Amino acid sequence: MKILVCITNVPDTTSKITFTDSDTRLNKNGVQFIIGPYDDYALARAVELKEQTGGSLTVLHVGEADAEPQIRKALAIGADDAVRVNAEPLDSYFTAVQIAHIAKQESYDLILMGRESIDYNSGVVHGLVGEMLGIGSYSPVMKLDISGNKVTIAREIESGKEILTASLPLVLGCQEPIADWKIPNMRGIMTARTKPLKVVEPVSVDEMTVPQSYAQPAPKGACKMIPASEASTLIRLLQTEAKIL
Amino acid sequence: MSVLIYIELDNGSIKKTSLETVAYGAKVAAQTGGKAIVLAIGKADSGELEKAGDFGAEKVLHASDEKLAHENSMAYADLLVQAAETTQSKIIVLPKSGLGDAMAARAAAKLKAGIVSGVTALPETQGSFNVTRSIFTGKAFATVEIKSDIKILVVKKNAIELDESSVGTVKATVEIFTPSLRDTDFEATVVEVEKASGEVSLTEADIIVSGGRGMKGPENWQPLLDLANALGAATGCSKPVSDLDWRPHHEHIGQTGIKVAPNLYIACGISGAIQHLAGVNGSKCIVVINKDPEAPFFKAADYGIVGDVFEILPKLTEAVKAIK
């Protein structure tokens, strides 16, 4: 089975987000970048499926060269090779076209990615790629089992889950607890250095959306403290002052 | 030029977030000089669907084929595209949800449309078409210009105020919509649906009571559940709590869990890690109860109580019962 895992390169979840160049660019100073947490789940399950089926696993990133440490980490975790589309991914549509273009050349059985990136939170790339390839797409997938061509998926729906069966090929957006994150071992780190990482130029895409500027939320006002001995006062304040109850 | 608005149904009723989406779409239609037309998929009475008129919709297209009973983003996206073509809509509005995003994505690829998900305000339509969206799980906002001819907006909860004054008394016309369904959209088989019954959905909830490690164990959750019950609230938890299996995963609120935007969020024994704050920063009012006065959550709160949750929660429950 040929598996493609798409990873994002995003600021660590603890990062404070600020902007530079008159609020037109993310300020990357002092920010640690990581593989998107949801993508990490997709990668972990893909490594297990590769071991189970004896197939191949390619990792794909649409982004600039500064993401290569994260791509190498994915190789150290268990991907066989990697492709980086050398472009700043400015919107979901652009990213999806690049992924679909690569996927069409290689006919992957399974394309996995996180349910969303934790920077732009769109959660639409898997659906776009599925439609562009003319195959099914499901998200967020919490459990994934494959037997031959048949796939059994458990995915989260509002206040519960849905279990469905479908056939390969598919595009899936993943989330926990599909697999435990994998940490690269020393052997993986050493072999990752020699695994192929191909850099390709992007295909041209019509400009759909263009970011103009960024902003931070307005600062929060001071918290009104209520003594624990008068806790019930809170309910009155929520009713009369905040007018919520 | 019409604005097409997709609404989600829950047991035949229009979800509150979808009513917000109707109000949002109707205002966009008013801004751009078009009609607001709604698409509803699934079983619902005409009387219920007519309510979309109260929020500014002129017409509701209703598709209720038996094959569409199960949420199916691929078939639903097909319908959305057919409805957009029938109504010649150039702007499509959906509510932000797993289904809304999935439909929007597949429709965007079919229509070659620019898609912006997580929209938090009405667009600016003078000259270029600009929308503001939430990014970095609410830690920032981006203003984005949509340049494509067809535009798809996926709107976050609370992007528009649904107060009494914005509600009208006009009934929308309900028309049966008969789309052509493709067999390829129905190749997957739904084997089982496990939906927790009686629970208030976190993404739809107006009030959420949420617990962290300060609750000290799953056996101690009853006081929190009692308060939630008295308030008619949904219950949530922090990531460590779901990681420890104290509470189910679908209650995990945060950057890598569910993002919520209730009117009232009550955090009990949650210190307020940046990842948790990112999941709740869309809340209108935040109450924090924690015995540690240095807990970072107090900086993000509107009201705070420093004290033992197990002493405070029963007092709050009694006070709520007293005003009901």
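Does B:Lys216 count as buried or exposed, and at what relative accessibility? In this predicted model, B:Lys216 counts as exposed, because its relative accessibility is 51% and the cut-off for exposed is over 50%. The residue sits in the loop between strand S13 (207-211) and helix H5 (222-231) of chain B. Its phi is positive, about 70°, although B:Lys216 is not a glycine.

B:Lys112 also has a positive phi, near 50°, and is a residue other than glycine. The loop that holds B:Lys112 runs between helix H4 (98-111) and strand S7 (114-119) of chain B. B:Lys112 is exposed, with a relative accessible area of 56%.

A:Val59 has A:Ala82 in S7(A) as its bridge partner.

At 1.5 Å a residue, the 15 residues of H3(A) should span 21 Å. The end C-alpha atoms are 21 Å apart, which agrees. H3(A) is mostly covered, with 11 of its 15 residues buried. Among the buried residues are A:Tyr93, A:Phe94, A:Val97, A:Ile99 and A:Ile102. Just after H3(A), A:Ser107 takes a positive phi of about 50°.

Helix H6 (residues 233-240) of chain A packs with helix H8 (residues 309-323) of chain B. Their axes are 8 Å apart and meet at an angle of about 45°. H6(A) and H8(B) are therefore oblique to each other. H6(A) contributes A:Leu234, A:Ile235 and A:Gln239 to the contact. H8(B) contributes B:Leu316, B:Ala319, B:Val320 and B:Ile323. The contact residues divide into 6 nonpolar, 1 polar and no charged.

Two cis peptide bonds in chain A complete the description. The bond from A:Ser139 to A:Pro140 has omega near -10°, and A:Pro140 lies in strand S9 (residues 136-147). The bond from A:Glu176 to A:Pro177 has omega near 0°. A:Pro177 lies in the loop between strand S12 (170-174) and helix H5 (186-192) of chain A.

Technical notes
Residues are numbered from 1 along each chain as its sequence is written. Chains are lettered from A and ligands numbered from 1 in the order in which they are written. This is a predicted model: local features need pLDDT of at least 70, side-chain atom pairs count only at pLDDT 80 or more; totals for chains, interfaces and linings use all residues. Side-chain values use heavy atoms; hydrogens and water are left out. Two strands pair if DSSP finds at least two bridges between them. Helices (H or I, at least four residues) and strands (E, at least two) are DSSP runs, numbered from the N terminus. The expected span of a helix is 1.5 Å times one less than its number of residues. Buried means under 20% relative accessible area, exposed over 50%, partly exposed in between (1.4 Å probe, protein chains only). Axes are lines fitted to C-alpha atoms, for helices over the stretch in contact, and angles run from 0 to 180 degrees between N-to-C directions. Angles under 35 degrees count as roughly parallel, over 145 as roughly antiparallel, 65 to 115 as roughly perpendicular and the rest as oblique. Contact means heavy atoms within 4.5 Å. Ala, Val, Leu, Ile, Met, Phe, Trp, Tyr, Cys and Pro count as nonpolar, Asp, Glu, Lys and Arg as charged, and the others, Gly among them, as polar.
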